Amino acid sequence: MNLREQRAKQMMESTGYATQFESTKFKVRSQTNPEKFYIVSRTGNGLICECMDHITRKADCKHIKITLELIMKNKCYRNNIFRIMERSALNLCKYCDSGRITKKGTRKNKNGNVQIFKCLDCKKKFSTNYGFEKTRFDVNTITGALQMYYSGMSTRDISNHYEMMGIEVSCVTIYEWICKYSTMVSKYLNEIVPRTGNWVRADEVWIKVNGEQKYLFASMDDDTRYWLASDMADTKFQHNADNLLKLTKEAIGKNPTQFITDGLPAYKKSSKRIFGKKTQHTRHIHIQGDMNNNKMERLNGEIRDREKVFRGLKKIDTPILDGMKAYYNFTKKHGALKGKTPSEEALIKVDGKNRWKTIIQNASLHKANSN
Ligand SMILES: [Zn+2]
Ligand SMILES: [Zn+2]
């Protein structure tokens, strides 16, 4: 991290550093003089700041860095659509985001030739297969395996499927991909705040982990069906729901006005403790054929349908559930949402046909930049 980034990060950590006051304008507080604000504007040519640093250097000042962070995490205006772009299609430097890059020959790998680029600003060389740098497998093979696994196929089924197509890949390799990429994308996606409504539902469903019965507590936004958070427990009745509610609050960045659960007593106490008195807790008693509860039951059903696959779950802090959440929110089209995914409904747009690929590209660069 260089000095400029360090300063930007310091400012990020102090509260009230920046706000969006119009759809294209942001106010960032000066670090040296707390009374002073700089206006950062969104234009056709990117972000522009009024500070001297930006005017003289024509590069990103610390205010622009802070604004970018705000946009990156989708913590701004209600009607702002957050776009996860196909990073490889943007033609930007991997390291400094400069647009001044040039082709610099190719490198051979087991998959064929890989185009190498060189940045004219920072002089570094890079290829654009972000997130898939060291693999001999095709991007579509890897992301296809993720999609098939979370749709309910076992690693054995997937391996057999690929064998038929002339691709030799073992169950172990497939399982490694699933763990690696599920961890990678969930870290990235958890920082993006979905545009949710004010009603949250929570429910629990039992699944088997390593042969033992466990309860998965999950919460969902009522409007968008976005799966917000989950927490695993050994028992249903003695479990404390605080952690689930904390994670839920973190995911939406606010307290819900309505919190709807079944009759489980744990929710009542936790709601008061974590959300506070302003949140109304409604206990929804299960009645068969009740339309309202179908919202949560669909998610529960999705999880239960994959229980066979989840037998691969080795431990409680498995990345599989995170991957399942990414699959459910970002790739699964929802009938009740007119064929949209919950993430689209929550104003997060993923570019490109292969959403896993787009998300992995961004997640991999995000990881590289946050070190
Ligand atoms: Zn500035
Ligand atoms: Zn560069």
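Q: How many bridges join S12 to strand S13 (residues 280-283)?
A: This is a predicted model, in which local features need pLDDT of at least 70, side-chain atom pairs count only at pLDDT 80 or more, and totals for chains, interfaces and linings use all residues. Residues are numbered from 1 along each chain as its sequence is written, chains are lettered from A and ligands numbered from 1 in the order in which they are written, and side-chain values use heavy atoms, without hydrogens and water. Two strands pair if DSSP finds at least two bridges between them. S12 and S13 run parallel, and the number of bridges joining them is four.

Q: Which residue of S13 stands opposite Phe259?
A: Phe259 belongs to strand S12 (residues 258-261). Its counterpart in S13 is His281.

Q: What is the handedness of the β-α-β unit made by S12, helix H8 (residues 265-275) and S13?
A: A crossover is right-handed if, with the strands pointing away from the viewer, the path from the first strand over the helix to the second runs clockwise. By that rule, the unit of S12, H8 and S13 is right-handed.

Q: Are the residues of strand S12 buried or exposed?
A: Buried means under 20% relative accessible area, exposed over 50% and partly exposed in between (1.4 Å probe, protein chains only). Gln258 and Ile260 point one way from S12, while Phe259 and Thr261 point the other way. All of these residues are buried.

Q: Which residue stands opposite Gln258 of S12?
A: S12 also runs parallel to strand S9 (residues 199-209), to which three bridges join it. Opposite Gln258 stands Trp199.

Q: Which strands are the edges of the five-stranded open sheet?
A: The order of this sheet is S11-S10-S9-S12-S13, and its pairing is mixed. An edge strand pairs on one side only, and here the edge strands are S11 and S13.

Q: Which residue of S11 is the bridge partner of Met220?
A: S10 and S11 run antiparallel, joined by six bridges. In S11, Met220 has as its bridge partner Trp227.

Q: At what angle does H7 run to S11?
A: Axes are lines fitted to C-alpha atoms, for helices over the stretch in contact (heavy atoms within 4.5 Å), and angles run from 0 to 180 degrees between N-to-C directions. Helix H11 (residues 319-330) lies across S10 and S11 at about 155° to S11. H7 lies across S9, S10, S11 and S12, and its angle to S11 is about 160°.

Q: Which residue takes a positive phi just after H7?
A: In helix H7 (residues 242-252), the buried residues include Leu244, Leu245 and Ile252. Among the elements covering the buried residues of H7 are S9, S12 and H8. Just after H7, a positive phi of about 70° is taken by Gly253.

Q: What is the average twist from one strand to the next in the sheet of four strands?
A: The four strands form an open sheet in the order S1-S2-S3-S4, with antiparallel pairing. Its edge strands are S1 (18-22) and S4 (46-49). From one strand to the next, the twist averages 25°.

Q: Which helix packs on the sheet of S1, S2, S3 and S4?
A: The helix in question covers residues 62-72 and touches S1, S2, S3 and S4. Its direction makes about 140° with that of S4. The helix is H3.

Q: Which residue of S4 is the bridge partner of Arg42?
A: S3 and S4 form a hairpin with two residues between them. The two strands run antiparallel and are joined by four bridges. In S4, the bridge partner of Arg42 is Leu47.

Q: What is the geometry of the site of the zinc ion (ligand 1)?
A: Donors are N, O and S atoms within 2.8 Å of the metal (3.2 Å for Na, K and Ca); here they are Cys49 (SG), Cys51 (SG), Cys61 (SG) and His63 (ND1), at 2.1 to 2.3 Å. Four donors count as tetrahedral if all angles lie between 85 and 135 degrees. The ideal tetrahedral angle is 109.5 degrees. The angles among the four donor atoms here are 107 to 111°, so by the rule the site is tetrahedral.

Q: What is the relative accessibility of His63?
A: Along the chain, the zinc donors follow the spacing C-x1-C-x9-C-x1-H. Cys61 is buried, with a relative accessible area of 0%. His63 also counts as buried, at 2%.

Q: How many strands are there in the secondary structure of the protein?
A: Helices (H or I, at least four residues) and strands (E, at least two) are DSSP runs, numbered from the N terminus. Of the 371 residues, 47% are buried. The protein has 13 helices, and its strands number 14.

Terms used: Four donors count as tetrahedral if all angles lie between 85 and 135 degrees; four count as square planar and six as octahedral if opposite donors are over 155 degrees apart and all others between 65 and 115; anything else is irregular.
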